[in-house]
Number of protein chains: 4
Amino acid sequence: MVRRMPPLSPSKRTGRPRSADADRAILAATREALAELGWGGLTLGDVAARAGVAKTTLYRRWPGKNELVVDALAALFEERLELPDLGSLRADVQGVVLRFARLLNLPETRTALMAVFAEATQDEALRQRIREAIVERQKLLVLTGRQRAQKRGELPPDDGEADPRRDDMIFDVVAGSVVHRVLVSSEPVDEEWADRLALLLVGGLAALS
Amino acid sequence: MVRRMPPLSPSKRTGRPRSADADRAILAATREALAELGWGGLTLGDVAARAGVAKTTLYRRWPGKNELVVDALAALFEERLELPDLGSLRADVQGVVLRFARLLNLPETRTALMAVFAEATQDEALRQRIREAIVERQKLLVLTGRQRAQKRGELPPDDGEADPRRDDMIFDVVAGSVVHRVLVSSEPVDEEWADRLALLLVGGLAALS
Amino acid sequence: MVRRMPPLSPSKRTGRPRSADADRAILAATREALAELGWGGLTLGDVAARAGVAKTTLYRRWPGKNELVVDALAALFEERLELPDLGSLRADVQGVVLRFARLLNLPETRTALMAVFAEATQDEALRQRIREAIVERQKLLVLTGRQRAQKRGELPPDDGEADPRRDDMIFDVVAGSVVHRVLVSSEPVDEEWADRLALLLVGGLAALS
Amino acid sequence: MVRRMPPLSPSKRTGRPRSADADRAILAATREALAELGWGGLTLGDVAARAGVAKTTLYRRWPGKNELVVDALAALFEERLELPDLGSLRADVQGVVLRFARLLNLPETRTALMAVFAEATQDEALRQRIREAIVERQKLLVLTGRQRAQKRGELPPDDGEADPRRDDMIFDVVAGSVVHRVLVSSEPVDEEWADRLALLLVGGLAALS
DNA sequence: CCTTAAACGAGACGGTACGTCGCGTCTTTCA
DNA sequence: TGAAAGACGCGACGTACCGTCTCGTTTAAGG
């Protein structure tokens, strides 16, 4: 979860504390409104109303729509992305691709993820926030998967140190391909497609070494 | 170029004809404003002002911001994407990746492409327009590149008919990876990265057959 | 009537002209809302709604609540204040006092006049606007009444030129007394009170000469 | 001084007593803020901050802005209005007019007095409060001045009982004229103007009898 | 001296109105 | 009759104060 606006003085102990219920209600309302109205239709006033909260309360915690949505998405990525060991690199890749595609097919994700990426191209702070809340979490999966494959002997062990360039590229390829398939081409990501992508990657990785 | 709004009566010939200058000025102004202000800051009123044109004139030709921007981008994709024969599949892939990345790094593209994709997730007509104006053009490159490689003998010839699933996947992987690298990870796409992606793909393609 | 915000370029002839209906509807709605809710309860959003007009239309014509209300009051002063010749100075004074008191007892005037005076103490432009729209109109009555009394021989003719100091003082005394009686003391201004004030003034004027 | 909100249980003796310093600090801060920002710009939050006091403390003592300001003004009227015997009715009137005008020219009074009058037209309780805190104090001056003049023989003695109608009218005329001169006409009240007003009144009073 | 209960500072809270901005439509005049 | 100019209805924006509400802390009086 990304850090939101702190009470102005970082850790003062005085005054009425912020309501944790409000936080939860706002994020839930955000996801609900996203699913219902899409990014373009989402209104901070509406979110506040759904959450049973005043607009000011919302603005006290998040500087704007972008940051709020990033945090709302972050919660989803937090609970939905994991990488069970499926026995082989190919199966692991297929698994994560399917999981990620399923996440992208939620109505709140479909409409919002591209939108915050788009906003982020003009806003470094937002980019940073996305990186922390979403991207790094996904990258971790690549790292885990690669190490697991090395332990299994499917990939050669690192001599000395791991090559971050390789992990980064794999990450861009996996995430980018799935996002593009789902949100641009709007074609389904089924088991077969996921498996063929896994095959392509495993084959390509061999060529890379 | 995507079809814009036709003059209401398709074949009436009377009255003052629409100015073609206005069209060009509007699209140029759109690109300029995109580069300067980004998608979020782009205003149709501002575009009209830059183009020296009344807002009405603009709305007579395009239904809204989304469609206008798609057309403005389409022109860029039209003139910037081509695939010279570089002698090998790997070089061809590297070439198209570099070209595409360069296109994505234009300020008007950076900010606008993701945004229209995002809008399109909620708007089938827009999705169709994007497909015609942008996506199909890119897909053609994959087709061309694959056929060239088959002619060279780098890939096995199709028995009977081509497999569109394979072309589609390659397209999603190439386009998705580059977009993600440039716009999400915001890391540079240099010759080395492009070559390594090409290597991965060529290696993977072998495994796929 | 006070001049409102002019279309930015003073006398351009182009574009859709401002609706005169809107002007009338807005001023009427303002008076209605004032009477119903009082100055403090009056909301520009509410006025716009009553007038069947968008808030922006209202702000295009008046810079704010103060100026709008001054104009709305000005219309009342325009139509309600006149000075019929009642035959003697004393009767004329009594007449104008009664008329003025009746005007101040309208619910829209009661609540609004003091409020704009109060606002004006901090805002020279507003003060100027009030002077033009309201005060000068009242001062004119003093001038007329004095000249009439001189013609009748009730007051000595001016030797050479009129003394503006005398007119100004009479004006402050009449207007101030009535306003104070009605709005501060909140006692009624009936024929008897008005006559006694007239008597006081006529007697005092003799002493002043 | 008007009574403010009492501690809820009227005669309980337990608990921490209210700080008298806070009272003084709040009223002083109110006057300061009034002088600086005017009625419209005065904010209870700002007053509390200037007084070094929490908003709650302020609301515990006064129900709102109106009442607070009335009390703040009342203190001024208490200390500033007195009527030294200047030897004649005319001089006494001139004296009180000058004193009153000087009071109205204080920045805190200029802006606030009209404003609370305006608020009071819609709020009987506030009107009552103003009467007690401000108006009655001024009326007393009229009473004193009249009695003094009667003692001197400048005015005929009351046969039996005093006529309150006469005192009330004089009060409305004096207070109203000065307020109007200073706050509406925004012309100076100098010795000459004050003397001419006194002359007018003394002359008029003779006519009234 | 120690309890106890109210006052206190701080600041979050639900509201309401603000004045602005951009949208997409409309009504003018001009060429 | 198309185009410029700009007013219009609409709806969201982000801000400012309002008056209320929790908190934890302080402070006098009374047991």
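Predicted model: local features only at pLDDT ≥ 70, side-chain atom pairs only at ≥ 80, totals over all residues.
Now the make-up of chain A. Chain A has 9 helices and 0 strands. Reading along the sequence, the pattern is α-α-α-α-α-α-α-α-α. The C-alpha trace of chain A spans about 60 × 40 × 30 Å along its principal axes. Of the 209 residues in chain A, 53% are buried. Chain A exposes about 9700 Å², and carbon and sulfur atoms supply 51% of that area.

On charge, chain A carries 31 positive and 31 negative side chains. The centres of those two sets lie 7 Å apart.

A:Gln94 sits in helix α5 of chain A, residues 89–105. Is A:Gln94 buried or exposed? A:Gln94 counts as buried, because its relative accessibility is 18% and the cut-off for buried is under 20%. What does A:Gln94 touch, leaving out residues up to four places away in sequence? The answer is A:Glu191, A:Ala194, A:Asp195 and A:Ala198.

Next, the interfaces. I'll take chain B and chain A to begin with. The contact takes 43 residues from chain B and 43 residues from chain A. Between them, chain B and chain A bury about 3800 Å², with carbon and sulfur atoms giving 61% of it. Which residues of chain B lose the most area to chain A? They are B:Asp172, B:Arg196 and B:Leu200, and together they account for 17% of what that side buries.

How many salt bridges are found across the interface of chain B and chain A? The rule finds 4 salt bridges there. B:Asp172 also turns up in a salt bridge, with A:Arg181 as its partner. The closest N and O atoms of B:Asp172 and A:Arg181 are 3.9 Å apart.

Now chain D and chain C. This contact takes 43 residues from chain D and 44 residues from chain C. The area buried between chain D and chain C is about 3800 Å², 61% of it on carbon and sulfur atoms. On the chain D side, D:Asp172, D:Arg196 and D:Leu200 lose the most area to chain C, together 17% of what that side buries. The salt bridge count between chain D and chain C is 4. D:Arg165 forms a salt bridge with C:Glu192, with the closest N and O atoms 2.1 Å apart.

What about chain B and the other two chains? Chain B and chain C do not touch, and their nearest C-alpha atoms are 11 Å apart. Chain B and chain D do not touch either, with nearest C-alpha atoms 34 Å apart.

Last topic, salt bridges within chains. Over all chains, a search of the whole structure finds 90 salt bridges. I'll go through a few.

In chain D, the side chains of D:Arg50 and D:Asp46 meet in a salt bridge at 2.8 Å, N to O. D:Arg50 and D:Asp46 both belong to helix α2 of chain D, residues 44–51, and because they are 4 residues apart, about one helical turn separates them. D:Arg50 is partly exposed, with a relative accessible area of 27%. D:Asp46 counts as partly exposed at 24% relative accessibility.

Also in chain D, D:Arg90 forms a salt bridge with D:Asp195, and the closest N and O atoms are 2.7 Å apart. This pair links distant parts of the chain, 105 residues apart. D:Arg90 is in helix α5, residues 89–105, and D:Asp195 is in helix α9, residues 191–208. D:Arg90 is partly exposed at 35% relative accessibility, and D:Asp195 is partly exposed with a relative accessible area of 22%.

Turning from pairs to a network, salt bridges that share partners join A:Asp85, A:Asp92, A:Arg148, A:Arg152 and A:Glu154.

One more pair, from chain B. B:Arg131 forms a salt bridge with B:Glu124, the closest N and O atoms being 3.9 Å apart. B:Glu124 counts as partly exposed, at 43% relative accessibility.

That is where I'll stop.

Terms used
Residues numbered from 1 in each chain as written. Chains lettered and ligands numbered in written order. Heavy atoms only, no water. Helix = DSSP H or I, 4+ residues; strand = E, 2+ residues; numbered from the N terminus. Buried < 20%, exposed > 50% of the residue type's maximum accessible area, 1.4 Å probe, protein only. Areas by Shrake-Rupley, 256 points an atom, 1.4 Å probe, with all protein chains shown as cover. Lys, Arg positive; Asp, Glu negative; His and termini not counted. Charge placed at Lys NZ, Arg CZ, Asp CG, Glu CD. Contact = heavy atoms within 4.5 Å. Buried area = accessible area lost by both parts, 1.4 Å probe.
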